[in-house]
Amino acid sequence: MLELYTDRLRLRTVSPGDWDNFLYTHSSEELNEYVRKPQAEAVIRQKFERVLKNQEFAEGEWLLTIIEDAHTQDFIGFVGLQNSDTEMQQMQVGYMIHPKAHGQGFASESLKAIIDWACLSNKPHKFIAYCIAQNIASAKVLEKCGFVREGILKENCKIGEQWFDDYLYGLLAAQRC
């Protein structure tokens, strides 16, 4: 089981007891505004079961961690890494923070922690992130963590029936580690 700490946060592997928070974050319209249309509970349950089984972090798989308050164990959100391209040594990052925890620096703190861990344990060359152009808060998190906007992917993400542009962000591991 992965367990990382910062001054304020604990990041840990998802466990069966995290179902309610997983369901909430994947079904909340507010949290998914820039991600996807909320999905049916059965679809979310299948995703949750895959996350619980995924312990090898193979190419294409996500390592998802729970973000908790280190002192109270209150749920804050999720941060994860996708082993997106082993040959190119690239990892994609993603995060989702509960609305009650927005604006407190938890996204950037947890993202820095998991990137530091990945640098030590997996030796990636580059981290990448996609961010819908309208998601200003997420773009600020990435930039605060040292990511640089490297391009724009026109109409790259479809949410419901609407297409959105994605900003492509990159961070060379040598610049972070």
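The report below walks through some helices and loops of this predicted model.

Let's begin with helix α3, residues 106-121, and helix α4, residues 136-144. They pack at an angle of about 45 degrees, and their axes lie 9 Å apart. That angle makes α3 oblique to α4. As for handedness, the crossing of α3 and α4 is right-handed.

Which residues of the two helices meet? On the α3 side you will find A107, S108, L111 and K112, and on the α4 side V141, L142 and K144. Sorted by class, this contact has four nonpolar residues, one polar residue and two charged ones.

## A closer look at α3

Helix α3 has 16 residues. From its first C-alpha to its last it reaches 22 Å, close to the 22 Å expected at 1.5 Å a residue.

Several residues of α3 are buried, including F106, E109, I114, I115, A118 and C119. Just after α3 comes K123, which has a positive phi of about 50 degrees.

## Helix α1 and its cover

Now move to α1, residues 19-27. Here W19, F22, L23, T25 and H26 are buried. What covers the buried residues of α1? The cover includes α2, together with the strands β3 (62-69), β4 (75-85) and β5 (90-97).

## A buried residue in a loop

Between α1 and α2 (41-53) runs a loop, and N32 is found in it. Is N32 buried or exposed? Its relative accessibility is 1%, and buried means under 20%, so N32 counts as buried.

Leaving aside neighbours within four places in sequence, N32 is in contact with T25, H26, S27 and M96.

## Two loop residues with positive phi

Next, look at the loop between β3 and β4, where Q73 is found. Q73 is not a glycine, and its phi is positive, near 65 degrees. With a relative accessible area of 41%, Q73 is partly exposed, because that class lies between 20% and 50%.

The loop between β4 and β5 holds Q89. Although Q89 is not a glycine, it has a positive phi of about 55 degrees. Its relative accessible area is 42%, so Q89 is partly exposed.

Technical notes: Residues numbered from 1 in each chain as written. Predicted model: local features only at pLDDT ≥ 70, side-chain atom pairs only at ≥ 80, totals over all residues. Heavy atoms only, no water. Axes fitted to C-alpha atoms, helices over the stretch in contact; angles between N-to-C directions. Helix = DSSP H or I, 4+ residues; strand = E, 2+ residues; numbered from the N terminus. Parallel < 35°, antiparallel > 145°, perpendicular 65-115°, else oblique. Left-handed = near helix turned anticlockwise from the far one by under 90°. Contact = heavy atoms within 4.5 Å. Nonpolar A, V, L, I, M, F, W, Y, C, P; charged D, E, K, R; others polar. Expected span 1.5 Å × (residues − 1). Buried < 20%, exposed > 50% of the residue type's maximum accessible area, 1.4 Å probe, protein only.
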